[in-house]
Amino acid sequence: MPALSVHQLSKTYANGLQALNAVDLQVEAGDFFALLGPNGAGKSTLIGIVTSLVRKSGGRVEVFGHDLDREPEAVRANIGVVPQEFNFNLFLPAIEVVLNQAGYFGVPRKEARSRAEMLLRKLDLWDRRETEMRRLSGGMKRRLMIARALVHRPRLVILDEPTAGVDIEIRRTMWGFMREINAEGTTIILTTHYLEEAESLCRNIAIIDHGRIQSRTDIATLLSELDTETFVLNLKGRVCQLPSLGGFVLEHIDESTLEVQISREHTINGLFEALSRNGIEVLSLRNKQNRLEKLFLDRVEAGRGATP
Amino acid sequence: MNINAADKGPLIDANRWRRYQITFTTLFSKEVTRFSRIWIQTILPSAITTTLYFVIFGRLIGDRIGPMEGLAYIDFIVPGLVLMAVITNAYSNVVSSFYSSKFSRYIEELLVSPAPNWVILAGYVAGGVARGLLVGIVVLIVAAFFTSFSIHNIGVTFLILLLTAILFSLGGFINAIYANSFDDISIVPTFVLAPLTYLGGVFYSIELLPQPWQTLSLANPILYMINAFRYGLLGVSDIPLGFAFLIIAIFIAALGYYSLSLLRRGIGIKQ
């Protein structure tokens, strides 16, 4: 049974903006799914409808087989959501925010306390449990929203830009936590602008733009569609004259940094052999652009070209 | 330790009424905690205002006015002042709390939960009723220092207090749903509630009014509440008691239905 099933979902706002146009999407139970799209593509509207914050104009939404129109309580009971923007009472202590959310979902107070403690400890917030929300840092608020979303033990967690504005250390802690809950069986839908985050965490992906799903595939298949990859090489010495390496396109960034394009038919081993033959030693190598980022931009561009 | 229990699934349907009860209790205790934390802003002002009313209208001016409906003037105004405090506090508790949750978007915590609309409404209304009743009791205690009233019918007294608090909590809820700014939550109390309360017979008997004002006053729902409450406290009323209860019940049913309809359609809270 899919965790989320969306059929012909449409949304037109009161101002006439058509945010979703007959969207079909299915997310399997247990998946770690990326929903990507540029700003204004329709991601937040889609999430808003699934989480009952936005009214749909048409179509159908099912969560673990429960229809949003016929069984809204069952749908909502199965979902935990971490919204893009902070949405809590800034004057409440952190633990109260989590306990209240548990109460809204019908979790008995005693049980809620034990779950809140476990989650706040996991997310390094236990020592700040009595601190008012307004006095927490941005990263702490983000983590608190994750604890709040999980306290009723949802089977589907929707994370809308959960790491926006969070430093890399906390982001990595959050990634570890998300992997952990996914490994325990929770389906996760992630929207993010950090494409390396999606590439690192997710197994399947949908790209949405102009209110339509432009692409829906698994990350491995998507990445295999890359024709070329561009790497930046930091050299040990200086290279004034670029050698000609069959199959590899070299360009100077400066005398000790090169950019090289490798097509799918060639390997990095082959590149290093060719460089060694020409007496060029490489100190380090990195992707010029995140692989998923390139594919994402290509898909969005292609979609826009096809959109009348 | 397991972070989630996806295998077990969330709490749904197996114990639906228990879940509703927990949600209601959470909302209610959140509301009570909120107004208790800021008691200087929520409870104390009514006590001070009422004390001033008793000193000025009861003692200083009241002695010159003379008896009203066979009662000392200071005794006559007790029910109106108590009910005025209940109306104001029940209304403002719900309107400010619900609008704040809209403004800061933490209403979303409730909207994403499986709480049905009627439980959400009941939770907020119960919060308003709790504050209204608490303030009403405080004002009654203040009144006891200035007057020598004794409660004529405790059942009617309590029932009117309760129903009035419910009615104006519902009014506050509807106001909050439509409000788009903090200015919008003060318009109704200032331009509708206050005039209706003052013209509802807090300080006078409508028998003193000439026609057509006496008949027009009968269109003011607050008149029925004040008179029914006056009957409960003092045993005198301008209005038949049963009719007063009927009017209040009709208003509660209408506002309750309308509030639920607004929630169902997501007016003011969903895009």
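1. **Confidence.** pLDDT is the predictor's confidence in each residue, from 0 to 100. This is a predicted model: local features need pLDDT of at least 70, side-chain atom pairs count only at pLDDT 80 or more, and totals for chains, interfaces and linings use all residues. Residues are numbered from 1 along each chain as its sequence is written, while chains are lettered from A and ligands numbered from 1 in the order in which they are written. Chain A has a mean pLDDT of 86, and 93% of its residues reach 70 or more. Where pLDDT is low, the predicted coordinates should not be read in detail.

2. **Chain A overall.** Chain A holds 10 helices and 14 strands. Helices (H or I, at least four residues) and strands (E, at least two) are DSSP runs, numbered from the N terminus. The C-alpha trace of chain A spans about 70 × 50 × 35 Å along its principal axes. Of its 308 residues, 43% count as buried. A residue is buried if 20 or more other C-beta atoms lie within 10 Å of its own, exposed if 12 or fewer, and partly exposed in between, with C-beta atoms placed from the backbone.

3. **Chain B overall.** Chain B has 12 helices and zero strands. Its C-alpha trace spans about 75 × 40 × 35 Å along the principal axes. The radius of gyration of chain B, taken over C-alpha atoms, is 21 Å, close to the 18 Å from the globule rule for 271 residues, so chain B is as compact as a globular protein of that length. That rule is 2.2 Å times the number of residues to the power 0.38. Buried residues make up 46% of chain B.

4. **Contacts along the sequence.** Two residues are in contact if their C-beta atoms, placed from the backbone, lie within 7 Å. In chain B, among contacts between residues at least 6 apart in sequence, 81% join residues at least 24 apart. For chain A, residues 24 or more positions apart account for 68% of the contacts with a separation of 6 or more.

5. **The contact between chains.** Chain B gives 32 residues to the contact and chain A gives 38 residues. On the side of chain B that touches chain A, α1 (16-37) and α6 (107-111) each supply at least two residues.

6. **Cores.** A nonpolar core is a set of buried Ala, Val, Leu, Ile, Met, Phe, Trp, Tyr and Cys residues joined through C-beta atoms within 7 Å. The largest has 153 residues, of which A:V98, A:A147, B:F173 and B:M225 touch the most other members. Apart from it lies another core of seven residues, among them A:V239 and A:L258.

7. **Helix α12 of chain B.** Helix α12(B) covers residues 241-265. Its 25 residues should span 36 Å at 1.5 Å a residue, and its end C-alpha atoms are 36 Å apart, which agrees. The expected span is 1.5 Å times one less than the number of residues. Which residues of α12(B) are buried? They are B:A244, B:I248, B:F251, B:S259 and B:L263. What covers them includes α7 (117-146), α8 (154-178) and α11 (221-234) of chain B. B:G266 follows α12(B), with a positive phi near 70°.

8. **B:L44.** This residue sits in helix α3 (residues 44-65) of chain B. B:L44 counts as partly exposed because it has 13 C-beta neighbours inside 10 Å. B:L44 and B:V139 are 95 residues apart in sequence and 9.8 Å apart in space, C-alpha to C-alpha.
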